[in-house]
Amino acid sequence: MTDSYKSTLSLIGRILLALMFITSGFGKLADLQGTAAYVASGGLPFPIALALLAGLLELFGGIALVIGFRVKLAGVLLGVFTLVASVAFHAYWAAPADQQYVTQLLFMKNLSVAGGLFLISALGAGPLSLDAARLKR
């Protein structure tokens with residue numbers, strides 16, 4: 001594989017993974033009360049604080065992925081967040097029978113996203129990133 005191929009695909013991969021988090025984070029922060037109500041519906045404590053933290057993590061973690069800044073940390077944090085959110089809000093094993101299929105799809109999608117985030121964390125951002133530019137200096 002050429003360096004150009006790896007550089008381009010790593011950038012595209014980071015952008016595609018980040019889109020989900022940037023849009024979700026922005027949405028959470030734009031409707032903090034609605035997000036807090038959803039957090040509370042999952043039985044979690046401190047819904048306003050958790051909604052704010054989740055929105056900030058998703059927004060800034062997603063931006064970090066796009067620009068390739070500290071992606072090892074961003075990947076781990078977003079990956080763990082995604083796993084926790086999956087268990088808390090996409091527990092298909094406890095969903096009503098008519099909702100299990102879709103809930104299981106969402107759960108499995110999130111497992112795949114977490115896997116991609118852990119790969120980015122392990123392998124780094126690639127050459128087209130702020131992390132690579134910092135290493136060159």
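Q: How many helices and strands does the protein chain have in this model?
A: The protein chain has 6 helices and 0 strands. From the N terminus on, its elements run α-α-α-α-α-α. Please keep in mind that this is a predicted model.

Q: What are the overall dimensions of the C-alpha trace, and how much of the protein chain counts as buried?
A: Along its principal axes the C-alpha trace spans about 50 × 30 × 20 Å. Of the 137 residues, 33% count as buried, and buried means under 20% relative accessible area. The chain exposes about 8,200 Å², with carbon and sulfur atoms supplying 73% of that area.

Q: What makes the set around Leu17 and Phe21 a nonpolar core?
A: Membership in a core calls for buried nonpolar residues joined through side-chain atoms within 4.5 Å. The largest such core has 12 residues in all: Leu17, Ala18, Phe21, Ala64, Leu65, Val71, Ala74, Leu78, Val113, Leu117, Ile120 and Ala125. Two or more residues of this core come from each of α1 (3–30), α3 (47–67), α4 (71–89) and α5 (100–123).

Q: Which residues is phenylalanine 21 in contact with, leaving aside its neighbours within four places in sequence?
A: Phenylalanine 21 is in contact with Glu58, Leu59, Gly62, Leu78, Phe81, Thr82, Val113 and Leu117. Contact here means heavy atoms within 4.5 Å.

Q: Why is the pairing of glutamate 58 with lysine 28 called a salt bridge?
A: The cut-off is a Lys or Arg side-chain nitrogen within 4 Å of a carboxyl oxygen of Asp or Glu. For glutamate 58 and lysine 28, the closest N and O atoms are 2.9 Å apart, so the pair qualifies. This pair links distant parts of the chain, with glutamate 58 in helix α3 and lysine 28 in helix α1, 30 residues apart.

Q: How do you know whether glutamate 58 and lysine 28 are buried or exposed?
A: Set their values against the cut-off of under 20% for buried. Glutamate 58 has a relative accessible area of 5%, so it is buried. Lysine 28 has a relative accessible area of 18%, so it is buried as well.

Q: What makes arginine 134 and aspartate 131 a salt bridge, and where do they lie?
A: Their side chains meet at 3.1 Å, N to O, and the limit is 4 Å, so this pair also counts. Both belong to helix α6 (residues 130–136); because they are 3 residues apart there, about one helical turn separates them. A search of the whole structure finds 2 salt bridges.

Q: What makes up the nonpolar patch on the surface?
A: The patch is formed by Leu52, Leu56, Phe60, Ile63, Ile67, Phe69 and Leu130, with about 580 Å² of accessible area together. Its largest share, 5 residues, comes from α3.

Q: Why is the pair of tyrosine 92 and phenylalanine 107 called edge-to-face?
A: Their ring centres are 5.4 Å apart with the planes at 65°, and an angle over 60 counts as edge-to-face. Tyrosine 92 lies in the loop between α4 and α5 and phenylalanine 107 in helix α5, so the pair ties together parts 15 residues apart in sequence. Tyrosine 92 counts as partly exposed at 22% relative accessibility, whereas phenylalanine 107 is buried at 9%. Tyr92, Trp93 and Phe107 form one aromatic cluster.

Definitions and conventions. Residues numbered from 1 in each chain as written. Predicted model: local features only at pLDDT ≥ 70, side-chain atom pairs only at ≥ 80, totals over all residues. Heavy atoms only, no water. Buried < 20%, exposed > 50% of the residue type's maximum accessible area, 1.4 Å probe, protein only. Helix = DSSP H or I, 4+ residues; strand = E, 2+ residues; numbered from the N terminus. Patch = residues over 30% accessible without salt bridge, like charges linked within 9 Å, V, L, I, M, F, W, Y side chains within 5 Å. Areas by Shrake-Rupley, 256 points an atom, 1.4 Å probe, with all protein chains shown as cover. Phe/Tyr/Trp six-rings, centres within 6.5 Å; stacked < 30°, edge-to-face > 60°.
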